[in-house]
Amino acid sequence: EHSLQCPHSYQPIPRFLRSSKSLPVTHLTTMAATKEERKMEMGLKKLTPPFEFDLDYDPYTLKAVEYNIRSCARPHMRAFHLAWTSFLIAFIAWFSFAPLGPAIKKTLGLKRSDLLWGNIASVLSTVFARFAVGPIMDHIGPRKGQAFLLMFAAIPTWFAGLIQGVVGLCIVRGLIGIVGATFVGCQFWCTLMFEKEIAGTMNAIAGGWGNLGGGLTQAIMVGIYAMNTSSPSCDAECGWRNAFFIPAFALMFISVLVYTLGDDCPQGKYVPPVDTSSTRGEKKASAVDVAKNWNVWVLVLQYAVCFGMELHVNNTIALYYFDRFDLSITTAGLIASLFGLMNLFARAWGGMISDWSYTRWGMTGRKYAHIIITCGEGIFLVIFSRMPNLGSAIFMMIIFSLFVQSAEGSTFGIVPYVDPKNTGGVCGFVGAGGNIGAVIWGFVFLAVGNFATGYLILGFIVVAVGLTGIFTIYIEDTSHRKDSVVMDQSVSGATMDKSLDGGKSSTIELKA
């Protein structure tokens, strides 16, 4: 079948040009010219890539408009894989204490409340780290910030086995908790590499595969503990004290890889963004502007009840199974790992649902997709808290896990639209919201005492916060490509599928 080729295009003009319902070529030329004028009015100009890219990209930003998970090609996919793997290793180290909690509690003579204080310290330090790191990365880029956080966290992780009491536990967990700010770098890096139309999907996959560390650490750390205690000369105390060297070494190793192999952004060297639309000239990224943005705080609250809930459950679920169902530390840890392992695909589902809803209903679609998923999260948490036996508790925990992680993905499907020039800051603030939530939920458990009752209360809170999104989530579509995604239905009943000038191809594709 013959096809027409557009100059400077690597793809054929699709079959709509041969359809009776197609638009005239002159009409398409006029549309292209009009769009080009709009780009110029927005202060956008075409950029030259530093080398040939493997993916299709937007010529005005060099951001990819597609992805290939099996590729590690520079700059887009390599940055993506470094982003999620670095966050994965960070997550494993961050929650490495949780599955070993029963052994630490016994050998140090701690109370359950002491472990809860350690949990709070681990997520509280991340709150301040994320608030600080977001604006800093807006100025230095995600690669350097990510590498520094990983190397810094390796130090307290290496010496974690030296703690002697609750004070040392809280200090060490607080210092290691700073590595949780690598989530900001993970999301910011992906946002710099991929256009907003697929940002929900890419942020969700990267964040989800990173959060997978919350499940893997439950299995890895009890595995290291079991390996250590299998030696006749190593008792339970020796087992947990010597379990932290492996995650510490992993942090150092991935830090070096991030710094040496990654690209700051598609253009190569990172340049802090500026707002050229300001009437007072160029305006650089500012944490103050982020803090003044109402939409940022709306998403902070929403993220507190999804990612904050995941952090809290990661810290408490092994102990919940250990105490309520009288399991061994190894069995409780392996069951608890199922919760985090759902991140392999659940968070990506949330981002994909958000992106699909956007193609159908714009930002309203993203909004209501998030609200529905969040309310589902709360409902299944309530049901999980009422399960009387181990089998039903595991099943409902998995269903709850699917919803909580999907809600995280749908949240970050919205984040790139809030304030493009301050994307790093927005990621930092919203990410900190998750940790603020985890701190609050930790205090709720301290006040309630009974874990099952605590989960029940938190479930009702999640539903209430999800419903507030109906009245509070109103975010403008800031994508310069939005007219390339959803086209006026009056134009021959067709919808736009490709950008007028999307990367390798400058072809318009309209599906009849």
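Reply: The chain folds into 20 helices and 6 strands, where helices (H or I, at least four residues) and strands (E, at least two) are DSSP runs numbered from the N terminus. This is a predicted model, in which local features need pLDDT of at least 70 and side-chain atom pairs count only at pLDDT 80 or more, while totals for chains, interfaces and linings use all residues. Residues are numbered from 1 along each chain as its sequence is written, and side-chain values use heavy atoms, with hydrogens and water left out.

Of the 512 residues in the chain, 60% are buried, that is, under 20% relative accessible area, with exposed meaning over 50% and partly exposed in between (1.4 Å probe, protein chains only). Among contacts (heavy atoms within 4.5 Å) between residues at least 6 apart in sequence, 78% join residues at least 24 apart.

Two packed helices are described by the angle between their axes and the distance between the axes. Axes are lines fitted to C-alpha atoms, for helices over the stretch in contact, and angles run from 0 to 180 degrees between N-to-C directions.

With helix H18 (residues 390-411), the axis of H14 comes within 10 Å and crosses at roughly 160°. H14 is therefore roughly antiparallel to H18, since angles over 145 degrees count as roughly antiparallel, under 35 as roughly parallel, 65 to 115 as roughly perpendicular and the rest as oblique. The crossing of these two helices, H14 and H18, is left-handed: the near helix is turned anticlockwise from the far one by less than a right angle, whereas clockwise would be right-handed. H14 contributes Phe307, Met309, Glu310, Val313, Ile317 and Tyr321 to the contact, and H18 contributes residues including Phe400, Val404, Gln405 and Glu408. By class, this contact of H14 with H18 holds 11 nonpolar, 1 polar and 2 charged residues. Here Ala, Val, Leu, Ile, Met, Phe, Trp, Tyr, Cys and Pro count as nonpolar, Asp, Glu, Lys and Arg as charged, and the others, Gly among them, as polar.

H14 passes H19 in a right-handed crossing. On the H14 side the contact involves Phe307, Gly308, Met309, Leu311, His312 and Thr316, and on the H19 side residues including Gly434, Trp441 and Phe445. The contact of H14 with H19 has 6 nonpolar, 7 polar and no charged residues.

Asparagine 211 links this region to another helix. It is found in helix H8 (residues 199-211), and asparagine 211 counts as buried because its relative accessibility is 0%. Beyond residues up to four places away in sequence, asparagine 211 touches Phe307 and Glu310, as well as Glu408, among others. Phe307 and Glu310 also belong to the H14 side of the contact with H18, and Glu408 to the H18 side. The side chains of asparagine 211 and glutamate 408 are joined by a polar contact of 2.9 Å, meaning a pair of N or O atoms within 3.5 Å; within protein, one must be able to donate a hydrogen and the other to accept it, and residues adjacent in sequence count only if both atoms are side-chain atoms. The C-alpha atoms of asparagine 211 and threonine 85 are separated by 9.9 Å, although these residues are 126 residues apart along the chain.
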